[in-house]
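Morning, everyone. Please have a look at the structure on the screen, and I'll walk you through it.

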Amino acid sequence: MQSCAGLPELLANPQICATQTNMTDTLIYVAMLVPCLIIAIVFHEVAHGAVALMLGDRTAHDLGRLSLNPIRHVDPMGTLIVPGLLALVSGPIFGWAKPVPVKPSRLNNPRYGMMLVAAAGPASNLLMAMIAAIVLGVIVGIAGPDSALPQWLFQLMILFIMVNTFLALFNLLPIPPFDGSHIVGGLLPRRMVPRWQQMQQVGIVFIVILIAITWAFPGSGIIERVVLPPVQWMQEYYLGLAQRVAALFG
């Protein structure tokens, strides 16, 4: 990665620290990306299970899926291999973990309970992005523009914000079996719910097609055009929050 400008410039334009110039820079980027993705995905899945437990379903709890131990949640293909390969080819970064099991019939209100369980995952990612932005602002404000703190630390935190924001909004797409599809399912008229639930069962096909198109046509920009505009808007909001916090401590 290229050398970064001062910390105020870094917050105003994070892309100056995300330029990959060679394979070494790309490998460093992947090494920073993977832990960010693992943390984001683990908290995402635990949030699903925790809300399900609060609403009456103990399935995830009884199977030990409310643990923050990444081994219980990481899917080698979806959490490590796919995001890593996409990063190496400069494609859009996304991944997945082992789904937290939820039995709607055990929820106090299956229809709306599933909506809350589904929304919990993206909400946890947006919350983590906000916390990271506040922490980043505090560090920048205290350290000052001429800080001797390593630039990779700030790059890592900005990448963490980006990963959590992307994961949250990507999962809100109304495509089975993403979280957004469960939210839509709770809003549909009851007569349409059975057909929607049938689509959930073949949702993996949508994911496979999406990955295949992304790899086969990296310039198609399907994901970028749909997800990146709101991701960039949210990222600007969080970095603006970091700037405001930095000003308070500066």
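From the N terminus on, the chain reads α-α-α-α-α-α-α-α-α-α. That is ten helices and zero strands. Both are DSSP runs numbered from the N terminus: H or I over at least four residues for helices, E over at least two for strands.

Some ground rules. This is a predicted model, where local features need pLDDT of at least 70, side-chain atom pairs count only at pLDDT 80 or more, and totals for chains, interfaces and linings use all residues. Residues are numbered from 1 along each chain as its sequence is written, and side-chain values use heavy atoms, with hydrogens and water left out.

Now the chain as a whole. It has 250 residues, and 46% of them count as buried. Buried means under 20% relative accessible area, exposed over 50%, and partly exposed in between, with a 1.4 Å probe and protein chains only. Next, contacts, meaning heavy atoms within 4.5 Å. Among contacts with a separation of 6 or more, 73% join residues 24 or more positions apart.

Let's go to helix α5, residues 110-143. How does α5 pack against α6, residues 151-171? The angle is about 160°, and the axes are 8 Å apart. Axes are lines fitted to C-alpha atoms, for helices over the stretch in contact, and angles run from 0 to 180 degrees between N-to-C directions. So α5 is roughly antiparallel to α6. The cut-offs: under 35 degrees is roughly parallel, over 145 roughly antiparallel, 65 to 115 roughly perpendicular, and the rest oblique. The crossing of α5 past α6 is left-handed. That word applies if the near helix is turned anticlockwise from the far one by less than a right angle; clockwise is right-handed.

Who makes the contact? On α5, the residues include Pro122, Leu126 and Ile139; on α6, they include Phe154, Ile161 and Asn171. By class, the α5 contact with α6 has 17 nonpolar, four polar and no charged residues. Here Ala, Val, Leu, Ile, Met, Phe, Trp, Tyr, Cys and Pro count as nonpolar, Asp, Glu, Lys and Arg as charged, and the others, Gly among them, as polar.

α5 also packs on α7, residues 179-187, at about 155°, with axes 8 Å apart. That makes this pair roughly antiparallel too. Again, α5 passes α7 in a left-handed crossing. Arg111, Met115 and Pro122 are among the α5 residues in contact, and Asp179, His182 and Leu187 are among those of α7. This contact of α5 with α7 divides into eight nonpolar, three polar and two charged residues.

Buried or exposed? Asn171 counts as buried, because its relative accessibility is 12%. Leaving out residues up to four places away in sequence, Asn171 touches His44, Pro122, Phe178, Asp179 and Gly180.

Last, the aromatics. The structure has four aromatic pairs. Rings of Phe, Tyr and Trp (its six-membered ring) pair if their centres lie within 6.5 Å; planes under 30 degrees apart are stacked, over 60 edge-to-face, and the rest tilted. Trp233 and Tyr237 are stacked, at 6.4 Å centre to centre and 10° between planes. Both sit in helix α10, residues 222-249, four residues apart, about one turn. Tyr237 and Tyr238 have ring centres 5.5 Å apart and planes at 65°, so that pair is edge-to-face. Trp233 is exposed at 56%, Tyr237 partly exposed at 38%, and Tyr238 buried at 2%. Elsewhere, Phe166, Phe170 and Phe178 form one aromatic cluster.
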